Amino acid sequence: MNAKHGRTTSSRKTAPSYVQIAQGTLDNLKSPENKISGLPSLLIRDAHIWTENRAIRGSILIEDGRIQRIARRIAEQADEEILAERLVALPGLVDAHVHLRDMRLAYKEDFTSGTSAAAAGGFTTVLDMPNTLPPTDSAQRLREKARRASRNILVNTGFHAAAVGDRAAVETMKMAGAFSIKLYLPKPIAPLDLGDDLTIVEVLKAAKEASLPVTVHAEDAAQIEPTREIRTFKELVGSRLGKAETMAVSRILRLQKQMGCRIHFCHVTLPSSISSIGNWPLGGLSSEVTPHHTLLSEDSVEKLGWKAWMVPPLRPRRVRSRLFREMATGNATIIATDHAPHTIKEKRRPPQKSPPGIPGLETAMPLMLTMVYKRKLSLGRLVSLLSTNPAKIFGLSSRGSIREGVDGDMILVDMKKKGKIDPDKFFSKAHYSPFEGWKVQGAVHTTIVNGSVVYSNGEITGKPGSGKVLRNGSRG
């Protein structure tokens, strides 16, 4: 056992390698309703526990996947114990916006590699987007995706579904477990005439009747310039200016006023958008920012090219700086990674053919902990952005906090550990990052999902299929 913060267990075994785990358990079929009863008990001793809005010193006992007791000292023994005297226990992180790919896009990322990346980044719950091959645009496809995921995930995973024009289809996708319907304004996932306001009103009406939020990629397609003349990534960024977001946000807010349904705006890049969403007189609105939009500017695109190409694109430095302040001061609702992996071969294509997107699950927490270390962001605000608020927005009532009775999802963080972002060490298949080489302070030491350690000190210790498939409307 490490003298500083080691891990002890009553049945000590050498942890298998990630490859051994992945190869040895993929045929261990499980249903989407993963059962977690009968799990070994886990005792975390002498940690700094983040509860409510402050840290307390104490121990946490987890039994059958749930937190049973939090106290200064716990005398009971457990099947497994972690001495965490120099670590901070935080609620497990919730990423409401990831692209785990899999199926016909498994060469980019699959459920095992993507959720391994999530575990390494401290995310105990992720919600996967529907723009896959095939797209998640029906209840049948959602159920098929969930069945495939149930055999391969290491963290809890839920699914968004594509916005469709059929109200009955929206209701059946809700019954199949969808957490939202995704409205991708630049190019709909399912065939929809999004140039017509009536089409969007019908989508919002269907979502409201099904009691589902609508997640929105807010860029107006009419404001995105053609790309046939573009020769550089900087020119490509210039084809998707901020006015595309401004017009899309304004349009959705106007239509939402008619319907009163819940709207979650994904990866917002402009401070003015945050203000418009936050100041809207009706309830049911939330906004999301990403680490890359708050920490990088369009200068990075000129320097890094394809490594910094995503949509919406990076904005000017002064806009980025103001967006960070909106996040840090409480106006933005959540942080999500928009983890969007591709192969390096694909990314290195000419600008007009290079797919947008970067991996983010393994960089978000060290980057944001570094902002906490630099006193640019409070730890309490970070917990709200990455755990408490996304859990509330998407109805994950048993996640997002450390308290007795909730699911045993938490992370142990080493606030003093220094390092550098190194994409070669990613568990994701996407071994690139615009943050490569960035110095960071603060790291995820241990990730605990449903009371089981799935990641510890740089190693994946969980098994594919050990994560739980989540369904909207269930206990969460």
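The buried residues of helix H7 are covered by elements that include strand S11 (181-184), helix H5 (197-209), strand S12 (214-217), strand S13 (263-265), helix H8 (271-278) and strand S14 (285-289). Helices (H or I, at least four residues) and strands (E, at least two) are DSSP runs, numbered from the N terminus. Contact means heavy atoms within 4.5 Å. The model is predicted: local features need pLDDT of at least 70, side-chain atom pairs count only at pLDDT 80 or more, and totals for chains, interfaces and linings use all residues. Residues are numbered from 1 along each chain as its sequence is written, and side-chain values use heavy atoms, with hydrogens and water left out.

Helix H7 covers residues 242-259. Its 18 residues should span 26 Å at 1.5 Å a residue, and the end C-alpha atoms are 26 Å apart, which agrees. The expected span is 1.5 Å times one less than the number of residues. The buried residues of H7 are Gly-242, Ala-244, Glu-245, Ala-248, Val-249, Arg-251, Ile-252, Leu-253, Leu-255, Gln-256 and Met-259. Buried means under 20% relative accessible area, exposed over 50%, and partly exposed in between (1.4 Å probe, protein chains only). After H7 comes Gly-260, with a positive phi near 70 degrees.

Gln-256 belongs to helix H7. Its relative accessible area is 0%, so Gln-256 is buried. A polar atom of the Gln-256 side chain lies 2.8 Å from the backbone oxygen of Cys-261. Gln-256 and Leu-204 are 52 residues apart in sequence, yet their C-alpha atoms are 7.4 Å apart in space.

The largest nonpolar core has 108 residues. Leu-183, Phe-265, Met-365 and Leu-382 have the most contacts inside this core. A nonpolar core is a set of buried Ala, Val, Leu, Ile, Met, Phe, Trp, Tyr and Cys residues joined through side-chain atoms within 4.5 Å. Helix H13 (residues 364-373) gives the most to this core, with 7 residues. Another core, of 17 residues, lies apart from it; Ala-47, Ile-67, Leu-87 and Val-406 are among its members. Neighbours within four places in sequence aside, Met-365 is in contact with Leu-90, Leu-93, Gly-121, Leu-382, Leu-386, Ile-411, Val-413 and Val-444.

An open sheet is formed by 3 strands in the order S7-S8-S9, with parallel pairing. Strand S7 (93-98) and S9 stand at the edges, each with a single partner strand, so one side of each has no neighbour in the sheet. From one strand to the next, the twist averages 20 degrees. Axes are lines fitted to C-alpha atoms, for helices over the stretch in contact, and angles run from 0 to 180 degrees between N-to-C directions. Strand S8 (residues 123-128) pairs with S9 over 4 bridges; two strands pair if DSSP finds at least two bridges between them. Val-126 stands opposite Thr-157 in S9, and Asp-128 stands opposite Phe-159. Strand S9 (residues 156-159) is covered on both faces. Asn-156 and Gly-158 are buried on one side, Thr-157 and Phe-159 on the other.

Asp-409 lies in the loop between helix H14 (379-393) and strand S16 (410-420). Asp-409 counts as buried, because its relative accessibility is 4%. Its side chain makes polar contacts with the side chains of Asn-156 (3.0 Å) and Arg-399 (2.4 Å). A polar contact is a pair of N or O atoms within 3.5 Å; within protein, one must be able to donate a hydrogen and the other to accept it, and residues adjacent in sequence count only if both atoms are side-chain atoms. Residues up to four places away in sequence not counted, Asp-409 also touches others, including Pro-91, Gly-92, Thr-124 and Thr-125.
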